[in-house]
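Subject: Model handover

Hello,

Here is the model for your files. Please load it first, then read the notes below.

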Number of protein chains: 2
Amino acid sequence: MTTCSDAKHLTRADIEGLEGRYRANLINSLPGFKPAVLIGTASPHGDTNLAIFSSIFHIGANPALLGMIVRPNPPGTERHSLENLLATGVYTMNVVTEAMIEASHHSSARWPRSQSEFDATGLTALWHEGFDAPFVAESPIRIGLSLAEHHPLTINDTHFVIGRVESLDCPEAVVDAEGRIDLSAIGAQVVSGLDGYHSVDAGVRFHYAKPNEAVKRLDTDTQ
Amino acid sequence: MTTCSDAKHLTRADIEGLEGRYRANLINSLPGFKPAVLIGTASPHGDTNLAIFSSIFHIGANPALLGMIVRPNPPGTERHSLENLLATGVYTMNVVTEAMIEASHHSSARWPRSQSEFDATGLTALWHEGFDAPFVAESPIRIGLSLAEHHPLTINDTHFVIGRVESLDCPEAVVDAEGRIDLSAIGAQVVSGLDGYHSVDAGVRFHYAKPNEAVKRLDTDTQ
């Protein structure tokens, strides 16, 4: 097998020939850092479930839509989050902050169906009246979603899920006058590969880019 | 209109009632930081195109698949990246590092079709023999993809594109023995909202999580 230690350039055949765990770590490191969120759901009987996801993405702002990829269900295993959201039609996304990373990672263990990950990890379920999925009280950005579309992807048996934003709990004091959330200020985490959790700096912002004009930093307006 | 300055909880109706730019900034800030990559394509005539994307996500490691969302094409505008990759069947993803952020942001301007964003931004096109899309020489993680699936999403006229990894240029010296790429070491950037670029710290890694066992940090093995 040819790894990144042997060659600077891997072909598709090289990647297919990698040992499984090496390939999983390498390909999950692509194409960079990913958002870290906890997905909250409940069964029709009210049993709560919480699981960490990182294949989460913006689809549109109007209507407000977020997408996610749910991994396949190998024989003998269960996908409680997917089963619950398909059954109830609702779920929550809760941004993971630095203080939440150990509990969030622990939610990825194979807990039995009867065990709520809220109880197991010490995170606190928060309910909004009339919405049948639990939010995470410790998260400063809590998003309520209704299931809009569900597409099983035959290419690798994953599931592509589109949710419509039904509610947003705004993080206090970190939304600017133009609607931007200061994600650094709340300590929003990113994930690398399968097991890395990272904090993010305050960063820089740029004006809307125009052809044939140099890119301008937003903060130079006030200097 | 009710904004995050007025209420800690916004309903779907509140979000639909927001001023357009405020809503775009707010919803694009969800659900946290996003990967920053440059998508490289070429027309069937060989004209090159480069554009920054952040709705990019892992779909699977075996086969190695990456997904992306391409925004809709309002009347009178063009989507050069999508047209090119549909025509040639191939495209590249190139991870954006700190040194590349101004050039990468500039790629988002509405350049005319005849203008290569490589020339306009000063980034360098790199070609692999037999692969009809340009890579970005300045990026340490360069991924060659073939178009596997294209799904126009009728819910908001965006496009869901699945690519199969055909090649990977490994970043030298930052892939560990188990296949993890040290994304912090290469300065991989994340995006917040529509205009923020951020660096990421070295972070922490955890062992595979198990029920009823405390989460363990990987680096405590060596302490």
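**Strand pairing between the chains**

Strand E11 (residues 158–169) of chain A pairs with strand E1 (residues 9–11) of chain B. The sense is antiparallel, over 3 bridges. Strands here (E, at least two residues) and helices (H or I, at least four) are DSSP runs, numbered from the N terminus. Two strands count as paired if DSSP finds at least two bridges between them. Asp169(A) has His9(B) as its bridge partner in E1(B).

**Ground rules**

This is a predicted model, in which local features need pLDDT of at least 70 and side-chain atom pairs count only at pLDDT 80 or more, while totals for chains, interfaces and linings use all residues. Residues are numbered from 1 along each chain as its sequence is written, chains are lettered from A and ligands numbered from 1 in the order in which they are written, and side-chain values use heavy atoms, with hydrogens and water left out.

**The interface**

Contact means heavy atoms within 4.5 Å. By that rule, 100 residues of chain B touch 100 residues of chain A. The two chains bury about 8,900 Å² between them. Of that area, 63% is on carbon and sulfur atoms. Buried area is the accessible area (1.4 Å probe) that two parts lose on being put together, summed over both.

The rule finds 6 salt bridges across the interface. A salt bridge needs a side-chain nitrogen of Lys or Arg within 4 Å of a carboxyl oxygen of Asp or Glu. Asp195(A) forms a salt bridge with Arg205(B). Their closest N and O atoms are 2.5 Å apart.

On the side of chain B that touches chain A, strand E11 (residues 158–169) of chain B gives the most, with 9 residues. That side divides into 53 nonpolar, 27 polar and 20 charged residues. Ala, Val, Leu, Ile, Met, Phe, Trp, Tyr, Cys and Pro count as nonpolar; Asp, Glu, Lys and Arg as charged; the others, Gly among them, as polar.

**An enclosed strand in chain B**

Why is strand E7 (residues 90–95) of chain B largely enclosed by the rest of the structure? Because 6 of its 6 residues are buried. Buried means under 20% relative accessible area, exposed over 50%, and partly exposed in between (1.4 Å probe, protein chains only). Both faces of E7(B) are covered. One side carries Val90(B), Thr92(B) and Asn94(B); the other carries Tyr91(B), Met93(B) and Val95(B).

E7(B) pairs antiparallel with strand E3 (residues 37–42) of chain B over 4 bridges. There, Val37(B) has Val95(B) as its bridge partner. E7(B) also runs antiparallel to strand E10 (residues 142–153) of chain B, joined by 5 bridges. Tyr91(B) stands opposite Leu145(B) in E10(B).

**Backbone points to check**

Most residues other than glycine have a negative phi, and most peptide bonds are trans. The following depart from that pattern.

- Asn62(A) and Pro63(A) are joined by a cis peptide bond, omega about 5°. Pro63(A) is in the loop between strands E5 (56–61) and E6 (64–70) of chain A.
- Leu30(B) to Pro31(B) is cis, with omega near -10°. Pro31(B) lies in the loop between helix H2 (20–28) and strand E2 (34–35) of chain B.
- Asp157(A) has a positive phi, near 65°. Asp157(A) is exposed, at 54% relative accessible area.
- Asn212(B) has a positive phi of about 60°. Asn212(B) lies in the segment after strand E14 (204–205) of chain B and is exposed at 70%.

Best wishes
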